[in-house]
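User: I'm new to reading protein models. Can you walk me through a few features?
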Amino acid sequence: MSKIQMFKPIVLVILLTLSFFVSCKNEKSSDKEGVLQYYALLLGSSAPLAEITDADCTDPAPTFASLGQAGTTATCSNCHNAGNANAGFDITSYNSTRNRITVGNPKGSLLFNKINSGSMRIYNTNAINKAIYCWTLKGGNP
Ligand code: HEC
């Protein structure tokens with residue numbers, strides 16, 4: 001092997017290493033947010049949820065049926081019904097759902113935390129998120 005041939009791979013490795021450092025040098029962590037959102041999309045969770053506050057809850061007394069109307073029957077009930085209650089939770093039952101909230105405190109409730117940031121996040125939508133938040137806040141009515 002000639003000397004030039006021997007140095008080729010070494011030069012290549014040096015160039016690759018340099019290009020890596022040069023391309024990463026000016027990256028801010030905020031630049032990565034968009035990338036993380038795409039990863040989240042690829043992994044199955046949908047677009048980021050809209051932030052919800054108490055002021056969004058205009059109905060003074062939403063009923064239990066408002067959850068189904070917002071989409072829990074269509075989205076959650078195949079895994080959470082009377083015959084197939086994953087984690088013992090039947091979302092078509094008022095009592096089963098009522099037992100998983102602290103009335104007046106959605107952010108302190110299992111149900112809202114599960115769908116907002118927990119393991120059920122991937123099934124959540126803005127409509128379901130709002131309905132569960134407001135139903136919990138405004139009394140957990142039948
Ligand atoms: C594909 C099946 C599936 C779907 C769809 C699904 N879940 Fe779940 N859910 C599970 C499983 C499995 C568990 C238990 C493991 C866990 O807690 O992550 C669970 C646990 C839960 C719990 C915890 C109950 C407890 O007492 O520990 C809640 C609350 C919940 N799900 C709410 C929902 C809501 C609301 C939806 C719809 C937005 C939903 N789930 C959609 C499968 C599902």
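Predicted model: local features only at pLDDT ≥ 70, side-chain atom pairs only at ≥ 80, totals over all residues.

User: Where is Ala-87 found?

Analyst: Helices are DSSP runs of H or I, at least four residues, numbered from the N terminus. Ala-87 is in the loop between helix H4 (72–76) and helix H5 (94–98). Its phi is positive, about 60 degrees, although Ala-87 is not a glycine.

User: Why does Ala-87 count as exposed?

Analyst: You count other C-beta atoms, placed from the backbone, within 10 Å of the residue's own: 20 or more is buried, 12 or fewer exposed, in between partly exposed. Ala-87 has 11 such neighbours, so it counts as exposed. Phe-89, in the loop between H4 and H5 too, has 19 and is therefore partly exposed.

User: Which residues is Phe-89 in contact with, leaving aside neighbours within four places in sequence?

Analyst: Contact means that two C-beta atoms, placed from the backbone, lie within 7 Å. For Phe-89 those partners are His-80, Ser-96 and Arg-100.

User: And which residues come nearest to the ligand?

Analyst: A residue is near a molecule if its C-beta atom, placed from the backbone, lies within 6 Å of it. Of the 20 residues around the ligand, Cys-76, Cys-79, Asn-86, Ala-87 and Ser-119 come nearest. Helix H6 (110–116) gives the most to this shell, with four residues.

Key
Residues numbered from 1 in each chain as written. Helix = DSSP H or I, 4+ residues; strand = E, 2+ residues; numbered from the N terminus.
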